[in-house]
Amino acid sequence: GTHVHQLPTDTNTYNFAHLTIQEFLCAVYISTLSQEKQLHLLTEHYWQYPNVFSFVFGLTGEVSSEMLRFLYLKLALPNPQGHPDRSRAVRCVYESKQICSAGTFSLVLNMESLLPYDALCVSYMLSCHSVKELFMYSCGIGNKGAELLVKHYPNKNDTGQLLEELDIRGNSLTSEGVEHVMKIVRASSATLRVLAVSNNPIGDDGMTVMSEALQHNSSITELWIAECGLSVKGAINISELIVEL
């Protein structure tokens, strides 16, 4: 069968024997149910079958506002270490292509292993003006992920929520990746208070790019740049910027 009873166990626990295709077929069935039944399945079984519901959100033409609100509330729960399935919840929001008016929150994805696709999903959430602080410490997105992260980021003339804090430490970003991230810095020049890029090999070239972007920032109060591979040249560059700020 496609749904296997796990033994030994004190409770009835089931898993798919062969993932992806069975999950997709299950999602196809769920997408035909009423919104009330979909919401019940989501609230009862989401954390057990997150991939199934990623398909559901993509297959269902328009999910209920209650289903979206459920995901947003899960993402907004305070948890400094993040949640191992939070990136999957972000995928669901992206697949739905719908905006939920659930207020703003801090999105914590620290220590999750993210694919470039996940960075694109996060970018969509940023475009919805729902995230005020983004924590992506050691997610391994690399330069490609950084490029996708800024793909849908709003411009500075938008009236919605722009980032107030961005933590992108430990993501193997070089000067190329920093160039992408600086698009967020430029767009958030009046709101971004904290920028953390430590533990990325950005080098002096990346520091030059960052300095140029921060020159027009009027809100920055914290800048984390430890272990970035800077030489004396890069250190002088950033010290001059700090004096100007």
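H3 gives the lining of the largest pocket its largest share, with 5 residues. Please keep in mind as you read that this is a predicted model. The chain is built from 10 helices and 7 strands, and 48% of its 245 residues count as buried. The points below start from the pocket and move on to its surroundings.

**The largest pocket**

- The volume of the largest pocket is about 220 Å³.
- Its lining is made up of 11 residues, and those nearest the centre are Asn-51, Ser-54, Phe-55, Arg-91 and Tyr-117.
- Two helices, H3 (50–59) and H5 (86–96), each contribute at least two residues to this lining.

**Helix H5**

- H5 is largely enclosed by the rest of the structure, because 9 of its 11 residues are buried.
- The buried set in H5 consists of Arg-86, Ser-87, Ala-89, Val-90, Arg-91, Cys-92, Val-93, Tyr-94 and Ser-96.
- Which elements do the buried residues of H5 pack against? They pack against H3, helix H4 (65–76), strand S3 (105–108) and H6.

**Asp-118 in helix H6**

- Asp-118 sits in helix H6, which covers residues 116–127.
- Is Asp-118 buried or exposed? With a relative accessibility of 2%, Asp-118 is buried, because the cut-off for that class is under 20%.
- Leaving aside residues up to four places away in sequence, Asp-118 touches Ser-87, Arg-91 and Ser-113.

- As background, most residues other than glycine have a negative phi.
- Lys-97, which comes just after H5, takes a positive phi of about 55°.
- Lys-97 is placed in the loop between H5 and S3.
- Its relative accessibility is 47%, so Lys-97 counts as partly exposed.
- Glu-227 is not a glycine either, and it has a positive phi of about 55°.
- The loop that holds Glu-227 runs between strand S7 (222–224) and helix H10 (232–244).
- Glu-227 has a relative accessible area of 64%, and since exposed means over 50%, it belongs to the exposed class.

**Cysteines**

- How many disulfides does a search of the whole structure find? The search finds 0 disulfides.
- Cys-128 has a relative accessible area of 10% and is buried.
- Cys-228 is buried too, with a relative accessible area of 2%.

**The chain as a whole**

- About 12000 Å² of the chain is accessible surface, and carbon and sulfur atoms account for 53% of that area.
- Among contacts between residues at least 6 apart in sequence, 78% join residues at least 24 apart.

Notes:
Residues numbered from 1 in each chain as written. Predicted model: local features only at pLDDT ≥ 70, side-chain atom pairs only at ≥ 80, totals over all residues. Heavy atoms only, no water. Helix = DSSP H or I, 4+ residues; strand = E, 2+ residues; numbered from the N terminus. Buried < 20%, exposed > 50% of the residue type's maximum accessible area, 1.4 Å probe, protein only. Contact = heavy atoms within 4.5 Å. 1 Å grid on protein atoms, 1.4 Å probe; cavity = no way out; pocket = protein on both sides within 12 Å on 5 of 7 lines; lining within 4 Å. Points joined across faces, edges and corners; volume = space filled by probe spheres on them. Areas by Shrake-Rupley, 256 points an atom, 1.4 Å probe, with all protein chains shown as cover. Disulfide = S-S within 2.5 Å.
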